[in-house]
Amino acid sequence: SSSNANASNRPSSGKPGSADSPFDFSLDLDAFPLANPDDGSAFRLVDTKPTPRPKFGPKWRFNQHRPQLPQRRDEEVEARKREAEKERARRDRLYNLNRSNQNQQRREAAIFKSSVDIQPEWNMLEQIPFSTFTKLSFSVSDPEDLLLCGALEYYDRSFDRITPKNERRLERFKNRNFFKVTTTDDPVIRRLANEDKATVFATDTILATLMCAPRSVYSWDIVVQRVGNKLFFDKRDGSQLDLLSVHETSQEPLPEAKDDINSAYSLSVEAAYINQNFSQQVLVRDGNKVSFDEPNPFANEGDEVASVAYRYRRWKLDGDMYLVARCEVQSVVEVSNKNSFVTLNALNEFDPKYSGVDWRQKLETQRGAVLATELKNNANKLAKWTAQAILASADLMKLGYVTRVHPRDHFNHVILGVVGYKPRDFASQINLNTSNMWGIVKSIVDLCMKLNEGKYVLVKDPSKPQVRIYEVPADAFENDYVEEPLPEEEQVQPPSEDAEGVEANGTTTDDKEIEAQT
């Protein structure tokens with residue numbers, strides 16, 4: 001029996017069945033029925049081997065030839081873990097945000113600064129909570145046009161057929177001049193004021209900011225000047241009213257660092273830049289224009305001017321109190337042999353993870369869901385655009401959906417779609433009440449008309465839903481008076497005064513800002 005056992009242990013040529021083969025699956029304790037229990041050597045060989053597992057062998061041998069398979073599976077597992085971790089972190093973030101309103105208010109106080117530095121010598125006169133605005137109502141009769149200036153190009157209807165599958169690259173229009181002129185710098189408004197055409201003067205941007213104030217979260221400010229029996233609503237040079245807020249009414253916090261491409265400031269510059277370029281790209285651009293009473297009042301001769309018309313309109317507020325505002329429309333479209341005014345604006349997507357809706361995937365099949373998300377995250381911006389379209393009596397407002405080519409590239413964009421709405425229909429869809437809009441304007445006008453002659457500033461509190469009125473020195477906001485939101489480039493080189501304080505060099509502030517970031 002001993003010789004049989006020894007024979008079985010004799011070294012072989014390393015074939016699979018041999019004893020010194022690393023995995024000998026033919027080996028079993030039953031192969032040693034006659035071994036002497038006292039002779040431990042017979043069992044030492046068996047004990048030093050791993051417990052036989054027939055199913056392990058073929059797999060191990062298979063994996064020797066194909067090592068990438070288990071590795072790929074591991075990568076998938078890791079990827080799933082990472083995704084689950086991200087989802088958990090996102091849920092935690094949303095939970096912490098929604099847990100209490102106090103947290104939300106603390107976040108706002110930490111991130112949002114006042115749009116203008118409140119100086120110690122300023123005297124606060126009034127503090128008005130937004131809750132008082134929501135109850136106001138005032139109806140105005142239809143306005144009359146006093147003057148139309150500028151020229152409009154026709155809207156290109158081919159843009160209505162754009163879908164995410166046949167997106168179009170957003171072009172850049174660096175040679176076209178865009179003007180953001182405040183009320184008192186407007187030569188036409190000065191002329192109308194001298195002719196006593198009204199008591200109160202403003203622009204559509206300023207009026208829309210007041211009308212939609214209860215929806216605002218970020219701080220903004222409007223300069224109010226009482227001159228004789230007249231009232232002028234102005235914006236400061238470099239004011240945030242020239243930019244477009246992004247994700248202002250969203251619960252998802254944006255990065256705090258100002259130079260981050262997704263910070264509130266960077267996104268507002270990017271949005272203004274997109275909006276300007278979009279408004280010029282969707283035109284026919286064949287040289288065929290609709291001209292009005294006077295040319296663009298802010299352009300020098302020979303300048304290439306963006307397609308825009310200014311309607312100077314007058315509303316009756318009271319017995320002998322009239323309000324004149326400069327309202328803008330960007331294009332014209334022919335409907336039943338009649339020209340209809342169109343406003344052009346672009347919504348912009350910067351990173352789907354912030355909104356939770358990917359436009360490229362959802363815009364065609366779930367446009368309602370995309371718009372609902374935008375109304376939640378950008379309630380104030382959409383309401384202001386609608387208010388401006390109503391003030392200008394535009395027949396149509398076109399909303400473009402523009403996204404980045406890549407979420408980390410904030411210079412290159414594509415147009416994924418364009419949708420048209422009738423301003424008053426859209427207003428009722430977003431619960432924007434025109435009587436309430438005018439109620440807010442009327443109450444602020446009445447309040448300001450009671451003030452003494454002088455200069456005042458209306459400031460939206462950066463962390464509370466309220467506005468404050470301050471009395472400020474007569475030289476406040478003049479020339480060397482510099483505030484927080486003014487871009488560094490402009491602090492170093494003030495805008496040229498060729499056109500009533502407006503840059504006339506063919507490059508907009510927003511373009512320079514974008515270029516500076518590159």
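The charged end of Arg 168 sits over the ring of Phe 159, 4.3 Å from its centre. A charge counts as over a ring if NZ of Lys or CZ of Arg is within 6 Å of the ring centre and within 35 degrees of the ring normal. Lys 442 likewise lies over the face of Phe 138, at 5.4 Å from the ring centre. This is a predicted model, in which local features need pLDDT of at least 70 and side-chain atom pairs count only at pLDDT 80 or more, while totals for chains, interfaces and linings use all residues. Residues are numbered from 1 along each chain as its sequence is written, and side-chain values use heavy atoms, with hydrogens and water left out.

**Five-strand sheet**

- Five strands form an open sheet in the order β3-β13-β12-β11-β10, with mixed pairing; strands (E, at least two residues) and helices (H or I, at least four) are DSSP runs numbered from the N terminus, and two strands pair if DSSP finds at least two bridges between them.
- The edges are β3 and β10 (331-335), each with a single partner strand, so one side of each is left without a neighbour in the sheet.
- Strand β3 (residues 168-169) pairs with β13 in the antiparallel sense over two bridges, and Arg 168 stands opposite Ile 415 in β13.
- Strand β12 (residues 396-406) is antiparallel to β13 over nine bridges; a hairpin joins β12 to β13 through two residues, and His 406 stands opposite Asp 409 in β13.
- In strand β13 (residues 409-421), 11 of the 13 residues are buried, where buried means under 20% relative accessible area, exposed over 50% and partly exposed in between (1.4 Å probe, protein chains only).
- Strand β11 (residues 338-349) pairs with β12 in the parallel sense over eight bridges, and the bridge partner of Asn 348 in β12 is Val 402.

**Helix α13**

- α13 packs on this sheet and touches β11 and β12, and its direction makes about 170° with that of β11; contact means heavy atoms within 4.5 Å, and axes are lines fitted to C-alpha atoms, for helices over the stretch in contact, with angles from 0 to 180 degrees between N-to-C directions.
- The 13 residues of α13 (residues 379-391) should span 18 Å at 1.5 Å a residue, and its end C-alpha atoms are 18 Å apart, which agrees; the expected span is 1.5 Å times one less than the number of residues.
- In α13, 13 of its 13 residues are buried.

**Ten-strand sheet**

- A further open sheet has 10 strands in the order β1-β15-β14-β5-β6-β4-β9-β8-β2-β7, and its pairing is mixed.
- β1 and β7 (289-291) stand at the edges with a single partner strand each, so one side of each is left without a neighbour in the sheet.
- Neighbouring strands of this sheet are turned by 20° against each other on average, direction ignored.
- Strands β4 (residues 200-203) and β6 (residues 230-234) run parallel and are joined by two bridges; Val 200 stands opposite Leu 231 in β6.

**Aromatic pairs**

- The structure holds 11 aromatic pairs; rings of Phe, Tyr and Trp (its six-membered ring) pair if their centres lie within 6.5 Å, with planes under 30 degrees apart counted as stacked, over 60 as edge-to-face and the rest as tilted.
- One of these pairs is Trp 122 with Tyr 470, tilted at 5.9 Å centre to centre and 55° between the planes.
- Trp 122 lies in the loop between α5 (101-111) and β1 (123-129) and Tyr 470 in strand β15 (residues 466-472), so the pair links parts of the chain 348 residues apart.
- Trp 122 counts as buried because its relative accessibility is 7%, and Tyr 470 counts as buried at 8%.
- Trp 122, Tyr 470 and Phe 477 form one aromatic cluster.
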